[in-house]
Amino acid sequence: MAFFACLAVAARNGPGARTVRAFSVSSAGARPSTFATSVRRSCSIPTAFLDRHHARSLSTSSAQCVTQLKSTSVASELEKSMEVTHPSYDVIAKDVVTEYGAYCTLYRHKKSGAELLSVATEDDNKVFGMTFRTPPTDSTGVPHILEHSVLCGSRKYKTKDPFVQLLQGSLQTFLNAFTYPDRTCYVVASQNTKDFYNLINVYADAVLHPRAISDPTVHAQEGWHLELEKKEDPLVYKGVVYNEMK
C-alpha cells in the first residue's frame, strides 16, 4: 500500500503570508465491509455436485474468488486511510478515483490554510510532494532560480548540495523539483519507509528553511553571475539556471 501526500501551500506576500507548520500521515482503525461479506457468499462453490469434468472450471472459479477476496481486503485497508484525522487539520473532501484505485482525502491546515491531499493506492511506492503557487510577475526567471536555490542546503542540513547527495546515497525511486508557469513542486519517492521519511525531512527543511535566505552566493550560483578565467579575459555570464535556459 502506498500513501501519496501532496502539500499545496497558498503563498502570498505581505502581512498574513501563509506558511506550513506541520503535516502528518497516520493510520486509522478498521471498519466492517458489507461488500466483503457479499463476495464471500458469492464465492461459495457446491463441490459435491461437480464431477471430474468440471475440475478445471472449479479451479478457475476458485482462483477468481481468491482474487476477489484479496481485492476486497485491499480495498477495505485503503478505505481506512480516508478516516485519518489530525487535530491541526480540517477534512475538506473525500473521493475514490476508481480508474486508479485511489482513495483520496483533502485536508486544510487550520492555522495556515495550507491544503494537504492524501492518496492511498495498492502500491509499494510512497510519494510526497510540496507545491507552492509561484506565478511570475516578469520574464526574469525568478521562480526557476528559487527552485534551484531552495535545494542548496537548509537550516538543518547545511551541506552545499543535499539534492545530489540524496540522489547518490538514498533509496529514492524519484527525486526532483519542477517549475511550472504558475507553481513550483518538490517531489520525493521511495519504497523504503525509513528512507521515505528521511527524504521528506530533508526536503521539508530545504523548502521551509533554505540556506539561500541568509547566503546571497546561492542565488548568484544558481541564477547568474560574472566570471573570468584570466584577468585579461572579458567577463562572461555564468549560472546554473542561466546555462539551462540558453
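The chain has seven helices and nine strands, where helices (H or I, at least four residues) and strands (E, at least two) are DSSP runs numbered from the N terminus. This is a predicted model, so local features need pLDDT of at least 70 and side-chain atom pairs count only at pLDDT 80 or more, while totals for chains, interfaces and linings use all residues. Residues are numbered from 1 along each chain as its sequence is written, and side-chain values use heavy atoms, with hydrogens and water left out.

**The chain overall**

- Of the 246 residues, 35% count as buried; buried means under 20% relative accessible area, exposed over 50%, and partly exposed in between (1.4 Å probe, protein chains only).
- Take the contacts between residues at least 6 apart in sequence: 57% of them join residues at least 24 apart, with contact meaning heavy atoms within 4.5 Å.

**Strand β7 and its partners**

- Strand β7 covers residues 183-190 and is mostly covered, with seven of its eight residues buried.
- On one pairing, β7 runs antiparallel to strand β5 (residues 126-133), joined by eight bridges; two strands pair if DSSP finds at least two bridges between them. Arg133 has Arg183 of β7 as its bridge partner.
- Strand β6 (residues 172-179) is also antiparallel to β7, through seven bridges. Here Asn176 is bridged to Val187 of β7.
- β6 and β7 make a hairpin, with three residues between them.
- As background, side chains in a regular strand alternate between the two faces of the sheet.

**Nonpolar cores**

- A nonpolar core is a set of buried Ala, Val, Leu, Ile, Met, Phe, Trp, Tyr and Cys residues joined through side-chain atoms within 4.5 Å.
- The largest one has 19 residues, and the members that touch the most other members are Leu151, Leu175, Tyr186, Val188 and Tyr203.
- At least two residues of this core come from each of β5, α4 (162-169), β6, β7 and α5 (193-208). The biggest giver is α5, with eight residues.
- Another core lies apart from that one; it has five residues, among them Val74, Leu78, Met82 and Ala120.
- In soluble globular proteins, nonpolar side chains tend to be buried together.

**Helix α3 and Ser149**

- Helix α3 is mostly covered too, since seven of its nine residues are buried. Those are Pro143, His144, Ile145, Glu147, His148, Ser149 and Val150.
- The buried residues of α3 pack against β6, β7, α5, α6 (216-222) and α7 (240-244).
- Ser149 sits in α3, which spans residues 142-150, and is buried at a relative accessible area of 1%.
- Not counting residues up to four places away in sequence, Ser149 touches Ala212, Val218, His219 and Glu222.

**Aromatic rings and a charge**

- Rings of Phe, Tyr and Trp (its six-membered ring) pair if their centres lie within 6.5 Å; planes under 30 degrees apart count as stacked, over 60 as edge-to-face and the rest as tilted. The count by this rule is seven aromatic pairs.
- One of them is Phe196 with Tyr197, edge-to-face at 5.4 Å centre to centre and 65° between the planes. Phe196 is buried, with a relative accessible area of 6%, whereas Tyr197 is partly exposed at 43%.
- Tyr237 and Tyr242 make a tilted pair, because their planes are at 40°, with ring centres 6.0 Å apart. Tyr237 is partly exposed at 45% relative accessible area, and Tyr242 is partly exposed at 34%.
- Phe174, Phe178 and Tyr180 form one aromatic cluster.
- Over the ring of Tyr180 sits the charged end of Arg183, 4.2 Å from the ring centre. A charge sits over a ring if NZ of Lys or CZ of Arg is within 6 Å of the ring centre and within 35 degrees of the ring normal.

**Ser118**

- Ser118 belongs to strand β4 (residues 115-121) and counts as buried, at 9% relative accessibility.
- Ser118 and Ser81 are 37 residues apart in sequence, with 8.4 Å between their C-alpha atoms.
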